[in-house]
Amino acid sequence: MPGSWGHLAARFVDAVTARGLTPAEVRIVQKWSGEGPMLSAFLAQPPLDQRHGFDSASYVAARAPDRRDLIRAALLHDVGKRHAGLGPLGRVIASILIRLHFPLGPRFALYRDHGRLAAAELAGDDKVVVEFARHHHGSRPPDVDPGEWDLLLASDRARSPFGADRGGQGR
């Protein structure tokens with residue numbers, strides 16, 4: 001299930017103001033993800049999800065720079081959202097319908113199930129990468145360290161370091 005209403009509202013603002021990654025940021029993503037399917041999945045996302053993944057991974061990298069697995073978990077946790085093909089307004093509608101337990105059409109169901117979809121795509125990666133993708137809107141799996149889980153959850157709520165003015169570039 002998607003996050004709290006406040007989290008969703010903040011993510012909507014982020015979505016409509018998202019700026020694409022700079023070439024330097026893409027090079028950082030390449031370093032974090034490696035070449036291949038993980039990078040391809042990340043780059044196939046719309047700019048708003050790339051920005052969120054990058055901000056989440058940056059949050060983890062600043063606190064656990066030697067934990068490439070946790071950085072990748074933060075970077076890639078939402079790659080399943082791209083399968084729904086929803087823009088910001090569609091995501092708002094999907095989130096409301098999910099919260100109110102209304103029946104969902106196919107694209108909204110894909111959006112709801114983005115964690116499961118991402119986990120399936122990431123199946124060959126470290127366990128924490130797969131488990132965070134699958135469960136980031138739910139409870140911590142028992143085989144994931146509580147401190148690591150808390151760091152990853154905090155990264156999912158991290159916002160751009162640019163603050164209210166978004167660095168003057170319209171995030």
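Helix α5 (residues 68-76) is covered by a group of other helices: its buried residues lie under elements that include α2 (23-33), α3 (37-43), α4 (47-63), α8 (114-121), α9 (127-135) and α10 (146-157). The model described here is a predicted one. Of the 9 residues in α5, 8 are buried, namely Asp69, Leu70, Ile71, Arg72, Ala73, Ala74, Leu75 and Leu76.

**The chain as a whole**

The chain contains 10 helices and 0 strands, so that its elements, read from the N terminus, follow the order α-α-α-α-α-α-α-α-α-α. It comprises 171 residues, of which 49% count as buried. Among contacts between residues at least 6 apart in sequence, 65% join residues at least 24 apart.

**Aromatic pairs**

The structure holds 2 aromatic pairs, which are set out below.

| Pair | Distance between ring centres | Angle between planes | Geometry |
|---|---|---|---|
| Trp32 and Phe54 | 5.5 Å | 35 degrees | tilted |
| Phe132 and Trp149 | 5.3 Å | 80 degrees | edge-to-face |

Trp32 belongs to helix α2 and Phe54 to helix α4, so this pair ties together parts that are 22 residues apart in sequence. Trp32 and Phe54 are both buried. The pair of Phe132 and Trp149 is edge-to-face because the planes of the two rings stand at 80 degrees, and an angle over 60 degrees places a pair in that class. Phe132 lies in helix α9 and Trp149 in helix α10, and the pair links these distant parts of the chain, 17 residues apart. Phe132 counts as buried because its relative accessibility is 0%; Trp149, at 3% relative accessibility, likewise counts as buried.

A further aromatic ring takes part in an arrangement with a charged group. The charged end of Arg63 sits over the ring of Tyr59, at 3.5 Å from the ring centre.

**Arg134 in helix α9**

Helix α9 also holds Arg134. This residue is partly exposed, with a relative accessible area of 38%. When neighbours within four places in sequence are left aside, Arg134 is in contact with Gly115 and Ala119. Arg134 and His77 are 57 residues apart in sequence, yet their C-alpha atoms are 7.8 Å apart in space.

**Features of the surface**

Phe12, Val13 and Val16 together form a nonpolar patch on the surface, with an accessible area of about 230 Å². Of these residues, Val16 is found in helix α1 (residues 5-17). Val16 counts as partly exposed because its relative accessibility is 49%, and the exposed class requires over 50%.

His101 is located in the loop between α6 (88-99) and α7 (106-112). The phi angle of His101 is positive, at about 60 degrees, although this residue is not a glycine. His101 has a relative accessible area of 65% and is therefore exposed.

**Summary**

The predicted model is thus described by its 10 helices and 0 strands. Helix α5 is mostly covered, and the helices over its buried residues include α2, α4, α9 and α10. At the surface, the patch of Phe12, Val13 and Val16 is nonpolar, and His101 is an exposed residue.

Technical notes: Residues numbered from 1 in each chain as written. Predicted model: local features only at pLDDT ≥ 70, side-chain atom pairs only at ≥ 80, totals over all residues. Heavy atoms only, no water. Buried < 20%, exposed > 50% of the residue type's maximum accessible area, 1.4 Å probe, protein only. Helix = DSSP H or I, 4+ residues; strand = E, 2+ residues; numbered from the N terminus. Contact = heavy atoms within 4.5 Å. Patch = residues over 30% accessible without salt bridge, like charges linked within 9 Å, V, L, I, M, F, W, Y side chains within 5 Å. Areas by Shrake-Rupley, 256 points an atom, 1.4 Å probe, with all protein chains shown as cover. Salt bridge = Lys/Arg side-chain N within 4 Å of Asp/Glu carboxyl O. Phe/Tyr/Trp six-rings, centres within 6.5 Å; stacked < 30°, edge-to-face > 60°. Lys NZ or Arg CZ within 6 Å of the ring centre and 35° of its normal.
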